[in-house]
Amino acid sequence: MKKILVPIKMVLDANVRPRVKADGSGVDLSGMKLSINPFCEIAIEEAVRLKEKGLAEEVVAISIGPAKAQDILRQAMAMGADRARLIETDRPIEPLTAAKLIRTVVEEENPDLVILGKQAVDDDCNQTGQMLAALLDWPQATFASAVAVDAGTLHVTREVDGGHQTLALPLPAVVTTDLRLNEPRHCSLPNIMKARKKALDITPVANCGLDLAARLNVLGVKPPEPRKTGRRVANVSELVGDLRAAGVI
Ligand code: AMP
């Protein structure tokens, strides 16, 4: 393979408790720690491993988001991506728009493989990879838990109900990552320093010539109901008695 493209999204850090905006219009990100979406980190790791095995020549990371998303692109380069591209916008981007924007980059870059996260943990959409494959009319393998390349064919193992399914795909193809695909590496200080010198190309979203109008209307966002505190019971019969009293059994 000559090139792997890896779209990565910046999201609220998974260890931070989300705070809903006072007007209920969304999650408040101001002053919050933002990080690379965990499934995207797995996607970068997988692409870099394929390159390290000599199965790919170049890994390009791409993000659609605000100027701050340069931080996650630098992280991707510290993990081993060769260069990065930011399509800069401050607007929220829906999966279909993300897929269309990634398609414009695919048309410019001609990668053999696009590896995305299976979902971004902010909106939990799980749509962009599938939509991108449909727009490109490329084969897709979602929820990958193992990826191998053999004589120009991609073999992807997927966790499905009751076992594993292995697909063979001709390239070019789209793959989305599941949690067990790999464990992303930590970036060493020398690699963080090296990543600062790698190329990061920034394109304003307006230059992509796409209609960015929202098709989804978010009616409201509410924090989850606070959980009731639990009670420790002394033994199983007390537990069963409590469950009966609550009408659960
Ligand atoms: P989603 O369909 O929103 O759950 O996102 C699935 C995957 O699509 C993510 O893990 C990323 O690989 C990619 N993706 C979604 N939104 C963006 C974005 N704004 N920039 C780059 N990649 C994205």
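I'll start with the salt-bridge network: Lys-3, Glu-58, Arg-83, Arg-85, Glu-108, Glu-109 and Asp-201 are linked in it. Before going on, a caveat: this is a predicted model. In total, the structure holds 20 salt bridges. As a reminder, side chains of opposite charge can pair when their charged atoms come close.

First on my list is Lys-9 with Asp-122, a salt bridge whose closest N and O atoms are 3.0 Å apart. Lys-9 sits in the loop between strand S1, residues 3-7, and S2, while Asp-122 sits in the loop between S6 and H4, so this pair ties together parts that are 113 residues apart in sequence. How accessible are the two partners? Lys-9 has 26% relative accessibility and therefore counts as partly exposed. Asp-122 is at 35% relative accessibility, and it too counts as partly exposed.

Next, Glu-45 and Arg-185. Their side chains meet in a salt bridge, at 2.9 Å from N to O. This pair also links distant parts of the chain: Glu-45 is in helix H1, Arg-185 is in the loop between S10 and helix H5, residues 189-196, and they are 140 residues apart. Is Glu-45 buried or exposed? The relative accessibility of Glu-45 is 2%, and buried means under 20%, so Glu-45 counts as buried. Arg-185, in contrast, has a relative accessible area of 27% and is partly exposed.

Lys-51 lies in helix H1 and Asp-82 in the loop between H2 and strand S5, residues 83-88, so the parts tied together here are 31 residues apart in sequence. For Lys-51 the relative accessible area is 27%, which makes it partly exposed. Asp-82 counts as partly exposed as well, at 24% relative accessibility.

The buried residues in H2 include Ile-72, Leu-73, Ala-76, Met-77, Ala-78 and Met-79. Directly after H2 comes Gly-80, with a positive phi near 135°.

H2 also takes part in a pocket. The second largest pocket has a volume of about 280 Å³. It is lined by 15 residues, and the closest to its centre are Asp-13, Leu-34, Ser-35, Ile-36 and Gln-75. Which elements supply at least two residues of the lining each? They include strand S2 (10-12), strand S3 (34-36), helix H1 (38-52) and helix H2 (70-79). Sorted by class, the lining has seven nonpolar, three polar and five charged residues.

Last, helix H4, residues 128-136. Its buried residues are Thr-128, Gly-129, Leu-132, Ala-133 and Leu-136. Around the axis they cover an arc of only 135°, which means they are on the same side of H4. What covers them? The cover includes helix H3 (95-109), strand S6 (113-117), strand S7 (140-150) and strand S10 (173-177). H4 is followed by Asp-137, and the phi of Asp-137 is positive, near 60°.

Definitions and conventions: Residues are numbered from 1 along each chain as its sequence is written. This is a predicted model: local features need pLDDT of at least 70, side-chain atom pairs count only at pLDDT 80 or more; totals for chains, interfaces and linings use all residues. Side-chain values use heavy atoms; hydrogens and water are left out. Buried means under 20% relative accessible area, exposed over 50%, partly exposed in between (1.4 Å probe, protein chains only). Helices (H or I, at least four residues) and strands (E, at least two) are DSSP runs, numbered from the N terminus. The arc is that of the directions from the helix axis to the C-beta atoms. Contact means heavy atoms within 4.5 Å. On a 1 Å grid over the protein atoms alone, a cavity is a set of points where a 1.4 Å probe fits but cannot get out, and a pocket is an open set with protein on both sides within 12 Å along at least five of seven lines; lining residues have an atom within 4 Å of a point. Grid points are joined across faces, edges and corners, and a volume is the space filled by probe spheres set on the points. Ala, Val, Leu, Ile, Met, Phe, Trp, Tyr, Cys and Pro count as nonpolar, Asp, Glu, Lys and Arg as charged, and the others, Gly among them, as polar. A salt bridge is a side-chain nitrogen of Lys or Arg within 4 Å of a carboxyl oxygen of Asp or Glu.
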